[in-house]
Amino acid sequence: MSDWNSNQYMKFGAERTQPSIDLISRIADSAPKRILDIGCGPGNSTHRLAEQFPDAEILGVDYSEDMLKKAKATYPELKFEQSCMPDDLDKLDGKFDLIFSNACIHWIPDHESLIPAIFDKLGNGGVLAVQIPYIQKAPFYRLLNLLVNTVEWKKLSSIHNFHNLMPEDYYDILSGLSKNFNIWETTYYHTVESHGGVIEWYKGSGLRPYLDMLSDKERPEFIADLTEIIAENFPHRDNGKIILKMPRLFFTAKK
């Protein structure tokens, strides 16, 4: 899969940052000395962590060179490193008081092993705080799955780029790790100007592997078909704009 495009991703920077702000608010009464931000992307979540915990030592890690370049340029006062999770966990020195991850781990397989491995990097009393898109409930992905299972786009049905589990599965994993954990979901009602705006949002995230698999000729044909099915299911509101519902799942756990 091609590298992330930080500029495309940050076309909706405020909307993408809001879940990290909301997650931080749930742990605002803690006082971590060392923080790890897994999947820091262009540094927007790391910056918010630094604002909330100004005395903490914070490390943002991501696999994408483009995202890290953007993060380092935008927030030169913060520390960022390239890292692949969970393979590079053992390369990180010591334990952390807070391990934070906003919209990242759904890209990583085997959460039954991943979450315990991340949790193991917490010191006693440390907190794990995670947000992931609730893919199973997202209207866009329901429509995308319908389209890629049509005859014309069947080859795209082989793509399985998300690995998030159901909330009940996370409950079982977390209950085996902690006696103090919380799980909740929030649906954000984002606004875009047009049906093309829905496409632009997902070009920065979940559509990337699908577009990568297509030829230069196929790509606009696929986007046209996707826009058509979106237009049938995402009506214009009274002000002419489009509501983009974004369900997200959150959990925190204390060691």
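## Helices H6 and H10

Helix H6 (residues 139-148) and helix H10 (residues 218-233) pack at an angle of about 130°, and their axes are 10 Å apart. Helices (H or I, at least four residues) and strands (E, at least two) are DSSP runs, numbered from the N terminus. Axes are lines fitted to C-alpha atoms, for helices over the stretch in contact, and angles run from 0 to 180 degrees between N-to-C directions. The model is predicted: local features need pLDDT of at least 70, side-chain atom pairs count only at pLDDT 80 or more, and totals for chains, interfaces and linings use all residues. Residues are numbered from 1 along each chain as its sequence is written, and side-chain values use heavy atoms, with hydrogens and water left out.

H6 and H10 are therefore oblique to each other; angles under 35 degrees count as roughly parallel, over 145 as roughly antiparallel, 65 to 115 as roughly perpendicular and the rest as oblique. On the H6 side, the contact (heavy atoms within 4.5 Å) involves Phe140, Arg142, Leu143, Leu144, Leu146, Leu147 and Val148. These meet Phe222, Asp225, Leu226, Ile229, Ile230 and Asn233 of H10. By class, the contact of H6 with H10 comprises ten nonpolar, one polar and two charged residues. Here Ala, Val, Leu, Ile, Met, Phe, Trp, Tyr, Cys and Pro count as nonpolar, Asp, Glu, Lys and Arg as charged, and the others, Gly among them, as polar.

## Helices H8 and H10

H10 also packs with helix H8 (residues 195-203), at an angle of about 120° and with the axes 9 Å apart. That angle makes H8 oblique to H10, and the crossing of the two helices is right-handed. H8 contributes His195, Val198, Ile199 and Lys203 to the contact, while H10 contributes Ile223, Leu226, Thr227, Ile230 and Ala231. Six of the residues in the contact of H8 with H10 are nonpolar, two are polar and one is charged.

## Helices H5 and H7

The axes of H5 and H7 come within 10 Å and cross at roughly 40°. H5 is thus oblique to H7, and their crossing is right-handed. From H5, the residues His111, Glu112, Ile115 and Pro116 meet Tyr170, Ile173 and Leu174 of H7. The contact of H5 with H7 divides into five nonpolar, one polar and one charged residues.

## The sheet

Seven strands form an open sheet in the order S3-S2-S1-S4-S5-S7-S6, with mixed pairing; two strands pair if DSSP finds at least two bridges between them. Strand S3 (79-82) and strand S6 (180-192) stand at the edges, each with a single partner strand, so one side of each is left without a neighbour in the sheet. From one strand to the next, the twist averages 20°.

Strand S1 (residues 34-38) pairs with strand S4 (residues 96-102) in the parallel sense over four bridges. Within S4, Leu98 is the bridge partner of Ile35. Helix H7 (residues 167-175) packs on the sheet and touches strand S5 (122-133), S6 and strand S7 (242-254). The direction of H7 makes about 145° with that of S6.

## Aromatic pairs

The structure holds nine aromatic pairs. Rings of Phe, Tyr and Trp (its six-membered ring) pair if their centres lie within 6.5 Å; planes under 30 degrees apart count as stacked, over 60 as edge-to-face and the rest as tilted. The rings of Tyr141 and Phe162 have their centres 5.2 Å apart and their planes at 80°, so this pair is edge-to-face. Tyr141 lies in H6 and Phe162 in the loop between H6 and H7, so the pair ties together parts that are 21 residues apart in sequence.

## Backbone features in loops

In the loop between S3 and S4 lies Pro86, which is joined to Met85 by a cis peptide bond with omega of about 5°.

The loop between S4 and helix H5 (111-119) contains Ala103. Phi of Ala103 is near 55°, a positive value in a residue other than glycine. Asp110 is also found in the loop between S4 and H5, and its phi is likewise positive, near 60°.

Note on methods:
A crossing is left-handed if the near helix is turned anticlockwise from the far one by less than a right angle, and right-handed if clockwise.
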